[in-house]
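Please keep the sequence and the model open while reading.

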Amino acid sequence: MAQAQAFETDFWKDENLRKVWDEIVPGEPRKTIPYLLTKEAIALLCKAVGETNPLYLDEAYAKTTPWGGIIAPPSIHILLMFSCTEADDWMRSPGTVNAGQSWSYNKPARPGDTITLQARALDKFIKRERLFVVHDNVFFNQHGDVICSGRGQTIRPM
């Protein structure tokens with residue numbers, strides 16, 4: 001199984017490989033890669049967003065909860081959006097602006113889960129001289145259970 005490489009922090013790297021707005025085809029699946037979620041990745045996400053809930057960070061505490069162990073916070077889709085796509089994915093284009101999103105959370109992700117993503121652009125349009133893309137994303141664990149799904153709009157760079 002392919003494993004995502006270390007997360008790239010230079011968002012301009014590979015920028016010339018990404019599809020521009022004219023090349024985004026509504027309905028066409030985006031190329032994605034599986035991602036093995038770790039306790040370390042969950043802890044780094046929690047640190048980045050200021051999340052301190054012991055359910056996400058403290059194994060001893062998490063075992064006493066109905067979940068029976070550490071789970072990832074719902075905001076895990078932020079990490080997964082990038083971890084399940086390669087550096088040349090159009091969604092990673094520098095200058096992209098989030099124009100709104102809606103997420104549903106079905107089942108918590110856990111350390112050791114192999115996460116896969118099904119994603120595509122649904123539509124694209126121009127409004128007030130801005131380039132919009134409507135897209136959807138569904139994350140699954142290794143059992144085929146939906147972890148979370150979302151639909152959003154982004155404003156693409158010219």
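## A charged pair across the chain

E86 counts as partly exposed, at 31% relative accessibility, where partly exposed is the class between buried (under 20% relative accessible area) and exposed (over 50%), computed with a 1.4 Å probe on protein chains only. The model is a predicted one, in which local features need pLDDT of at least 70 and side-chain atom pairs count only at pLDDT 80 or more, while totals for chains, interfaces and linings use all residues. Residues are numbered from 1 along each chain as its sequence is written, and side-chain values use heavy atoms, with hydrogens and water left out.

The side chain of E86 meets that of K31 in a salt bridge, with an N to O distance of 3.7 Å; the term stands for a side-chain nitrogen of Lys or Arg within 4 Å of a carboxyl oxygen of Asp or Glu. This pair links distant parts of the chain, since E86 sits in the loop between α4 and β2 (97–105) and K31 in the segment before β1, 55 residues apart. Helices (H or I, at least four residues) and strands (E, at least two) are DSSP runs, numbered from the N terminus. K31 is also partly exposed, at 47% relative accessibility, and K31, E86 and D88 are linked in a network of salt bridges.

## Further salt bridges

A search of the whole structure finds 6 salt bridges. In one of them, the side chains of K107 and D145 meet at 3.2 Å, N to O, which links the loop between β2 and β3, where K107 lies, to the loop between β4 (130–140) and β5, where D145 lies, 38 residues apart. Both partners are partly exposed, K107 with a relative accessible area of 40% and D145 with one of 27%.

D136 forms a salt bridge with R120, the closest N and O atoms being 3.3 Å apart. Because D136 lies in strand β4 and R120 in strand β3, the pair ties together parts that are 16 residues apart in sequence. D136 is buried, with a relative accessible area of 13%, whereas R120 is partly exposed, with 34%.

## The sheet

The strands β1-β3-β4-β5-β2, in that order, form an open sheet of 5 strands with antiparallel pairing; two strands are taken to pair if DSSP finds at least two bridges between them. β1 and β2 stand at the edges, each with a single partner strand, so one side of each is left without a neighbour in the sheet.

## Helix α1 and its cover

Helix α1 (residues 39–49) has A41, I42, L45 and C46 as its buried residues. They cover an arc of only 135° around the axis, which puts them on the same side of α1; the arc is that of the directions from the helix axis to the C-beta atoms. The face turned away from this buried side carries the exposed residues E40, L44, K47 and A48. Among the elements covering the buried residues of α1 are β1 (35–36), α2 (54–57) and α4 (76–83). After the helix comes G50, whose phi is positive, near 75°.

Within α1, I42 is buried, with a relative accessible area of 0%. Leaving aside neighbours within four places in sequence, I42 is in contact (heavy atoms within 4.5 Å) with L37, Y56, I70, I71, A72, P73 and P111.

## Nonpolar cores

The largest nonpolar core has 25 residues, and those with the most contacts inside it are L37, L79, I115 and F139; such a core is a set of buried Ala, Val, Leu, Ile, Met, Phe, Trp, Tyr and Cys residues joined through side-chain atoms within 4.5 Å. At least two residues of this core are supplied by each of α1, α2, α4, β3 (114–127) and β5 (146–156). Apart from it lies another core, of 7 residues, among them W21, I24, A121 and L131.

Leaving aside neighbours within four places in sequence, the contacts of F139 include H77, L80, W103, I115, L117 and V146.

## The annotated region

For residues 27–148, an unreviewed UniProt entry lists "domain: FAS1-like dehydratase"; UniProt positions are given in the numbering used here, feature names are shortened, and annotations may be inferred rather than shown by experiment. Over this stretch the chain is 23% helix and 32% strand, and the end C-alpha atoms are 20 Å apart.
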